[in-house]
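Have a look at the structure first, then read on.

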Amino acid sequence: MSEKKDPSVWEGFKAFLMRGNVVDLAVAVVIGAAFTNIVNAVVKGIINPVVGAIGTKNLDHYSSCLSSTCAGEQGIRILWGSVLGAALSFVITAAVVYFLMVLPMAKYLARMEARRKAKEGTQEVIEVTELEVLKEIRDELVAQRGSGHERQ
């Protein structure tokens, strides 16, 4: 009797790491981390000064107090400026990813799909034409046999 040997944990882990999706995901995480620095620099260098023209230069200073006194560390503060800064960072990141990566890739894939369909359409026309020709030949042969049988 032969025993079936289960793959070891190490072999399973190695197979998992060699999948294409894992490598793509790792690349995406590394690029995302590097891209975060760029977005943060844009927010701190451009967005915050524009907001600073209206009020304070640092969005983290925008807050509301829920308690009667908010002097120093006392009181309950809601730091809505920090949330606003994070939301702006997210919107900028999403816009850049969409306009520089997703939209061009979608257009490229649509172009490739249109070319593929055009090729398939041409092949279908050729196949349909060949089928029609074969039907016409068949009809001619049937007509000739029919007229030949009538003469006998």
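Helix H3 supplies the largest share of the nonpolar patch, with 5 residues. Before going further, a word on the ground rules: this is a predicted model, where local features need pLDDT of at least 70, side-chain atom pairs count only at pLDDT 80 or more, and totals for chains, interfaces and linings use all residues. Residues are numbered from 1 along each chain as its sequence is written, and side-chain values use heavy atoms, with hydrogens and water left out.

So who is in the patch? Val 23, Val 27, Ile 31, Tyr 98, Phe 99, Leu 100, Met 101 and Val 102 make up this nonpolar stretch of surface, and together they have about 770 Å² of accessible area. Two elements give two or more residues to it: helix H2 (20-54) and helix H3 (80-151). Helices here are DSSP runs (H or I, at least four residues), numbered from the N terminus. To join a patch, a residue needs over 30% relative accessible area and no salt bridge, and nonpolar side chains are joined within 5 Å. A salt bridge means a side-chain nitrogen of Lys or Arg within 4 Å of a carboxyl oxygen of Asp or Glu. The areas come from the Shrake-Rupley method with a 1.4 Å probe.

UniProt, in an unreviewed entry, places "transmembrane region" at residues 21-43 and 87-110; such annotations may be inferred rather than shown by experiment. In the model, residues 21-43 are 100% helix, with end C-alpha atoms 32 Å apart. Residues 87-110 are also 100% helix, and their end C-alpha atoms lie 32 Å apart.

Now the rings. There are 2 aromatic pairs, counted when ring centres lie within 6.5 Å (planes under 30 degrees apart are stacked, over 60 edge-to-face, the rest tilted). Trp 10 and Phe 13 form a tilted pair, with centres 6.1 Å apart and planes at 40 degrees. These two sit 3 residues apart in helix H1 (residues 9-17), so about one helical turn separates them. Tyr 98 and Phe 99 are edge-to-face, 5.1 Å centre to centre with 80 degrees between the planes.

How open are these residues? Exposed means over 50% relative accessible area, buried under 20%, and partly exposed in between.

| Residue | Relative accessible area | Class |
|---|---|---|
| Trp 10 | 60% | exposed |
| Phe 13 | 41% | partly exposed |
| Tyr 98 | 38% | partly exposed |
| Phe 99 | 53% | exposed |
| Leu 100 | 64% | exposed |

How values were computed. Patches are made of residues with over 30% relative accessible area and no salt bridge: like charges are joined within 9 Å, nonpolar side chains (Val, Leu, Ile, Met, Phe, Trp, Tyr) within 5 Å. Buried means under 20% relative accessible area, exposed over 50%, partly exposed in between (1.4 Å probe, protein chains only). Rings of Phe, Tyr and Trp (its six-membered ring) pair if their centres lie within 6.5 Å; planes under 30 degrees apart count as stacked, over 60 as edge-to-face and the rest as tilted.
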